[in-house]
Amino acid sequence: MNQLLRFLESAAFWVDRVCRAVCCLLVVGIVGATFAQIICRKVFSSPLSWTEEFTRLLFVWLCCLGSVLAIRMKNQIQFDFLVSSLLSARMQNLVRILIDLFIAAFFIFLTPPTLALVRSMNSIPSAALSWPSGLSHLGYLTGCLFMVVAFLGDCAQAVRELLALGGANQ
């Protein structure tokens, strides 16, 4: 059990690190492409045709991976007033585990249709870049899989906290 908890926490840690690095690169790419478009349009009077599509693609990936970071940093929207004010610490951890498992199951459920969407869109080239259109949808698939890891990592952390509170004996 301890090895499984350590594995889930470690996987969530590495997903967090990868998402942080990729999100930084995505922001740099978005700012760089937008800056290049402004310079080309205003200074050279020759706008670039690909920047809008490119920044949209990067923004989709940024949103999907950024949501994983929000989960890891516990910055997602939560309505925990009743849980924190009415339940004991042990029950709060049990509720957290159940919610994490439910949400992880939801993202697992979303994975096969998202994979089918990526496959079907890969045959369609994008307008300006001529890249597979499935590339932007791949961000949704990656986000789903990373969300599962993030929620299972949080679940493992909650189980550890529950065990520290003596939740297994009560």
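Start by selecting helix α2 (residues 51-72) and helix α5 (residues 134-164), which pack at an angle of about 5° with their axes 8 Å apart. That angle is why α2 and α5 count as roughly parallel (under 35 degrees is roughly parallel, over 145 roughly antiparallel, 65 to 115 roughly perpendicular, and the rest oblique). Axes here are lines fitted to C-alpha atoms, for helices over the stretch in contact, with angles from 0 to 180 degrees between N-to-C directions. Helices are DSSP runs (H or I, at least four residues), numbered from the N terminus.

A quick note on what you're looking at: it's a predicted model, where local features need pLDDT of at least 70, side-chain atom pairs count only at pLDDT 80 or more, and totals for chains, interfaces and linings use all residues. Residues are numbered from 1 along each chain as its sequence is written, and side-chain values use heavy atoms, with hydrogens and water left out.

For the colouring, Ala, Val, Leu, Ile, Met, Phe, Trp, Tyr, Cys and Pro are nonpolar, Asp, Glu, Lys and Arg are charged, and the others, Gly among them, are polar.

The contact of α4 with α5 has 25 nonpolar, six polar and five charged residues.

What angle does α1 make with α5? About 135°, again with the axes 8 Å apart, and therefore α1 and α5 are oblique to each other. Look for Leu 5, Val 15 and Cys 19 among the α1 residues, and Phe 146, Ala 156 and Leu 163 among those in α5. By class, this α1 and α5 contact holds 14 nonpolar, three polar and three charged residues.

Time for a surface view. The largest pocket holds about 500 Å³ of space. Of its 20 lining residues, select Gln 76, Gln 78, Asp 80, Arg 96 and Ile 99, the closest to the centre. (A pocket is an open set of points on a 1 Å grid, where a 1.4 Å probe fits, with protein on both sides within 12 Å along at least five of seven lines; lining residues have an atom within 4 Å of a point. Volume is the space filled by probe spheres set on the points, which are joined across faces, edges and corners.) Which helix gives the most to this largest pocket's lining? That's α4, with eight residues. The lining has nine nonpolar, five polar and six charged residues.

Last stop: the second largest pocket, about 210 Å³ in volume. Select Glu 53, Arg 56, Trp 131 and Pro 132, which are among its lining residues. Helix α2 supplies the largest share of that lining, four residues. By class, the lining of this second largest pocket has seven nonpolar, three polar and two charged residues.

Methods:
Helix = DSSP H or I, 4+ residues; strand = E, 2+ residues; numbered from the N terminus. Points joined across faces, edges and corners; volume = space filled by probe spheres on them. Contact = heavy atoms within 4.5 Å.
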